[in-house]
Amino acid sequence: MKRILFVCLGNICRSPTAEGVMRQLSREGNIDELHIDSAGTGNWHIGSSPDRRAMLAARRHGIDISPLKARQVTRADLEHFDLVIAMDRNNRHDLLQMADHHQRHKVRLLLDYSPTYREQDVPDPYYGGEHGFDIALDMIEDACRHLLKTLAGQ
Ligand code: 4NP
């Protein structure tokens with residue numbers, strides 16, 4: 001059982017999208033040995049449902065993220081999860097600040113899994129329009145497909 005945590009700032013846009021996409025891809029691939037969750041580095045939205053625009057973008061891809069509730073990442077998460085995957089370099093920086101030395105290898109950047117978008121950030125769609133949510137979702141999906149392949153090869 002591999003435990004994967006996706007992390008963004010608010011846990012209402014990008015990381016719940018990644019959680020939903022990864023769940024769907026693992027279901028499609030009949031891979032059930034994954035535990036998938038998401039969290040935010042910030043505390044503003046604890047207990048909130050995903051942003052309405054994120055829910056709609058996910059639904060356009062046949063993914064329901066409406067039951068998810070935002071929570072804040074904890075030090076215990078860095079111990080519990082095998083991979084703690086940041087949506088952007090700010091999130092990665094914050095996670096590395098929280099991590100003990102022996103946990104640092106678990107902290108990754110999502111788009112490093114994507115040959116197309118390597119070393120890039122998933123752009124924060126929160127302050128933009130609907131289209132930003134579709135762009136973020138496409139980038140997340142591309143990286144998650146490659147992440148799943150990486151995990152399957154291990
Ligand atoms: P997320 O987007 O990190 O992808 O969930 C954001 C959500 C809320 C805020 C910023 C980014 N905010 O400042 O409240």
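Residues are numbered from 1 along each chain as its sequence is written, and side-chain values use heavy atoms, with hydrogens and water left out. In this predicted model, local features need pLDDT of at least 70 and side-chain atom pairs count only at pLDDT 80 or more, while totals for chains, interfaces and linings use all residues.

Student: In which pocket does the ligand sit?
Tutor: A pocket is an open set of points on a 1 Å grid over the protein atoms alone, where a 1.4 Å probe fits, with protein on both sides within 12 Å along at least five of seven lines. A molecule sits in one if more than half of its atoms lie within 2 Å of its grid points. By that rule the ligand is in the largest pocket.

Student: How far is an oxygen atom of the ligand from an N or O atom in the side chain of Arg-14?
Tutor: Residues around the ligand (a heavy atom within 4 Å of it) include Asn-11, Cys-13, Arg-14, His-45 and Asp-124. A backbone N or O atom of Asn-11 is 3.2 Å from a ligand oxygen, and a polar backbone atom of Cys-13 is 2.9 Å from a ligand oxygen. For the side chain of Arg-14, the distance is 2.7 Å.

Student: What percentage of the ligand's exposed area does the protein bury?
Tutor: Areas come from the Shrake-Rupley method with a 1.4 Å probe. Taken alone, the ligand exposes 350 Å², and the share buried by the protein is 93%.

Student: Which side chains make polar contacts with the side chain of Ser-38?
Tutor: Ser-38 belongs to strand S2; strands are DSSP runs of E, at least two residues, and helices are runs of H or I, at least four, numbered from the N terminus. A polar contact is a pair of N or O atoms within 3.5 Å; within protein, one must be able to donate a hydrogen and the other to accept it, and residues adjacent in sequence count only if both atoms are side-chain atoms. At 3.0 Å the partner is Asn-11, and at 2.7 Å the partner is Glu-19.

Student: Why does Ser-38 count as buried?
Tutor: Buried means under 20% relative accessible area, exposed over 50%, and partly exposed in between (1.4 Å probe, protein chains only). Ser-38 counts as buried because its relative accessibility is 4%.

Student: What is the relative accessible area of Ile-85?
Tutor: Ile-85 lies in strand S3, residues 83-86. Leaving aside residues up to four places away in sequence, its contacts (heavy atoms within 4.5 Å) include Ile-4, Phe-6, Leu-109 and Leu-147. Ile-85 is buried, and its relative accessible area is 0%.

Student: Which residue caps the N-terminal end of H2?
Tutor: Helix H2 spans residues 52-60, and its buried residues are Arg-53, Ala-54, Met-55, Ala-57 and Ala-58. Cover for these buried residues includes H1 and H5. At the N-terminal end, a side-chain oxygen lies 2.8 Å from the backbone nitrogen of Arg-53, and the capping residue is Asp-51.

Student: Is Asn-30 buried or exposed?
Tutor: Asn-30 is in the loop between helix H1 (14-28) and strand S2 (34-40). Its phi is positive, about 55 degrees, although Asn-30 is not a glycine. With a relative accessibility of 69%, Asn-30 is exposed.

Student: What is the relative accessibility of Glu-119?
Tutor: Glu-119 is placed in the loop between strand S4 (107-109) and helix H5 (130-152). Phi of Glu-119 is positive, near 70 degrees, in a residue other than glycine. Glu-119 counts as exposed, with a relative accessibility of 55%.

Definitions and conventions: 1 Å grid on protein atoms, 1.4 Å probe; cavity = no way out; pocket = protein on both sides within 12 Å on 5 of 7 lines; lining within 4 Å.
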